[in-house]
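The following exercises are meant to be worked through with the sequence and the model side by side. Each task is followed by a solution in steps.

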Amino acid sequence: MANESFKAEDRVWDDASVATLIKAAEDGIDTCFSRVDSQKNRCKFGTDGICCRICHMGPCRITKKAPKGVCGADADTIVARNFLREVVAGLAAHSDHARHLVLRFKKVAEGNGNSFQIKDERALRSAARLYKIEENGRSSEHVALDLANLLLNEFSLQEESLKTLCLAPEKQQGIWKNLGITPYGIDRMVVESMHRTNMGVDHDYRNIMLQVFRTALADGWGGSRIASIVSDILFGTPSPVRSRSNLGVLGAETVNILVHGHEPALSEILVLAVQDPEIIQYAKDAGSKGVTLAGICCTANEILIRHGIPVAGNFLQQELAIITGAVEVMITDVQCCMPSLPEVASAYHTQIISTSDLAKTIGAAHFNFDDDKALDSAKDLIKIAIDNFKNRDPDKVAIPSAAKPLVAGFSVDAIKYMLGGKFRASFRPLNDAIIQGRIKGLVGIVGCSNPRERMDNYTNILTSELVKNNVLVVKTGCAAIASAKEGMLTPESALAQAGPGLREVCEAIGMPPVLHMGSCVDNSRILEAGTEVVLEGGLGDDISQIPAVGVAPEWMSEKAITIACYFVASGIDVILGHPFFISGSEKVGKYLNEDTKDLFGASFHVCEDPHEAFKRIMKILEKSRKKLGINKKVERKLYDMKDRRELDV
Ligand code: BF8
Ligand code: SF4
């Protein structure tokens, strides 16, 4: 329960969340913001990463007096092993998500997709070409089946490198090969990393750390990339779409359904089902004005970027959404769904319904989604929400008014079209703008929100500083939702804040200076964009030479650790808003913050203050620009993006 000194505005950035957090205290509801206070004293062995419970001779904790565990493992071994296990968990989460998509894709290719089908033939054909699958004169089903089998094989390859790695710049692939960290099949990487961190196996922290990056690469250039590719084929490649964000998207007079989690398949069907006339009538008969479908976290991002379905909030707003008292049903799938949800919901009329057999929570109802009758099943689920509308207690309802407009859906294809037009889609204008210095560089801001920090604070301050200073920002996950709520995803308001060079380029193209690229698996799209920049030419021959930085400002998930590691292994420096649990080993710290620079051309930097992070980023970008010889003063030239002509003024 909130204590006396609890101030909502110190915990969250936006007014809608402040108001709802105050309501939580009034309603006597515990949230992550109050629970974090009771978890205030963090175990130093935990944060240092020097508690080992890998075998039952332990747990062992490293201290000055006891510098070794029972088996003789020192701090370096223990820290590195614990860290690798976190990275494995991140890989597993993203890749199991990908596996479910590929299995569904295979069913579709075999003609057993039921309500699912190949929605984007172009995406299928271009993926087939990337993987060198013969497609000329072949039906899309045949091509799809070959592709599905190839992608399924990516999980089980034993002694062959992941095929998806070939989507990286050649030089990058060479770096990984020379270091011996080219990953084999995804499942093998998970098993091998768990084996190597078992008691009495891999003890040399340097060897373990190399496996850290190998494991992470199997995510960024494996599982996550596969998830994005297959989602685009099955559900459509995102292109810019308008929508709204924050708790104010909930309807006062409509039945509110929130989807929450990460896997988009069920939500895609829900998007169809809520538009069904039978459902609309059913909702009206129940005394409502219709159904509002909105989302939380990355399931929200998935249906936002493809259908413009509004986003009710990011990770830390999942409980707040229920506390508005206006949510009939929250449908959860996998990842980032707090186990507290049923307890919070029990104070209101909200029903929490889990839909994945992988993810059940005590107190939540479970719905067995019938794949064979997906649309009917989705309608049944929506009817549960509509039936629950009558139980909404008007005295408990307070929906904040904030619902900021936004534009999202910047897949790499969409960016290419925006830059070059339909007939010569290309990254050339972007590369040129970077070379000329109108755009100083690219920064990917990704990851979560974390109740140990004020929600969205770091993300919003940093984003605004970067945009003001002519840096093009790309976003995914909860960081993207933070910008949406701040109005930074609308071309109009964001452009007003942009520096002159960036504004000039964005105005010429009609693009906002902050691009929402999707969910967390879509961080692979940032790698894809980096590859496009390299292939376009003029900014080096591997990703590490591009003036680009990744930032995980408010991260909390193991998935974020894996993402950060594959960014660094792909040559992108990463700024962390707070450190990993590794401070118990100086050597592991040095490995991550310094040695990686020699290995990959990029390393980690911890900056707990967003202004500090901004300065560090600009320094990194300047350094890259200098190396490329493009750090000269910008000549005042107007750049006509449509004609790709430079006009001297
Ligand atoms: O996968 S950013 S809190 S929702 S882990 Fe989770 Fe973090 Fe949000 Fe999407 Ni990503
Ligand atoms: Fe202790 Fe070694 Fe067992 Fe870890 S593996 S718990 S350090 S004995």
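The exercises below treat a metal site, a set of paired strands, several salt bridges, and a few single residues.

This is a predicted model, in which local features need pLDDT of at least 70 and side-chain atom pairs count only at pLDDT 80 or more, while totals for chains, interfaces and linings use all residues. Residues are numbered from 1 along each chain as its sequence is written, chains are lettered from A and ligands numbered from 1 in the order in which they are written, and side-chain values use heavy atoms, with hydrogens and water left out.

**Exercise 1. The nickel atom**

Identify the protein donor of the nickel atom of ligand 1 and explain why the arrangement of donors is irregular.

Step 1. Donors are N, O and S atoms within 2.8 Å of the metal (3.2 Å for Na, K and Ca); water is not among the atoms, so sites may look incomplete.

Step 2. Cys520 is the only protein donor of this nickel atom, through its SG atom at 2.2 Å.

Step 3. Helices (H or I, at least four residues) and strands (E, at least two) are DSSP runs, numbered from the N terminus. Cys520 belongs to the loop between strand 13 (514–518) and helix 23 (523–536).

Step 4. Four donors count as tetrahedral if all angles lie between 85 and 135 degrees; four count as square planar and six as octahedral if opposite donors are over 155 degrees apart and all others between 65 and 115; anything else is irregular. Because the four donor atoms around the nickel atom of ligand 1 subtend angles of 91 to 159°, the arrangement is irregular.

**Exercise 2. Paired strands**

Step 1. Two strands pair if DSSP finds at least two bridges between them.

Step 2. Strand 11 is in turn joined to strand 12 by five bridges in the parallel sense, and Gly444 has Val474 of strand 12 as its partner.

Step 3. Buried means under 20% relative accessible area, exposed over 50%, and partly exposed in between (1.4 Å probe, protein chains only).

Step 4. Strand 12 (residues 471–476) is largely enclosed by the rest of the structure, because six of its six residues are buried. Val471, Val473 and Lys475 cover one face, and Leu472, Val474 and Thr476 the other.**Exercise 3. Salt bridges**

State how many salt bridges the structure holds, and examine the one between Asp14 and Lys485.

Step 1. A salt bridge is a side-chain nitrogen of Lys or Arg within 4 Å of a carboxyl oxygen of Asp or Glu. The structure holds 41 of them.

Step 2. In the salt bridge of Asp14 with Lys485, the closest N and O atoms are 3.7 Å apart. This pair links distant parts of the chain, 471 residues apart: Asp14 is in the loop between helix 1 (8–11) and helix 2 (15–27), and Lys485 is in helix 20 (residues 477–485).

Step 3. Asp14 counts as buried because its relative accessibility is 8%. Lys485, with a relative accessible area of 3%, is buried too.

Step 4. Glu135 forms a salt bridge with Arg129, the closest N and O atoms being 2.9 Å apart; Glu135 is buried, at 13% relative accessibility.

Step 5. Asp595 and Lys590 meet in a salt bridge at 2.8 Å, N to O. Lys590 is partly exposed, since its relative accessible area is 41%.

Step 6. Arg188, Glu192, Arg196, Asp202 and Arg214 are joined into one network by salt bridges that share partners.

**Exercise 3. Single residues**
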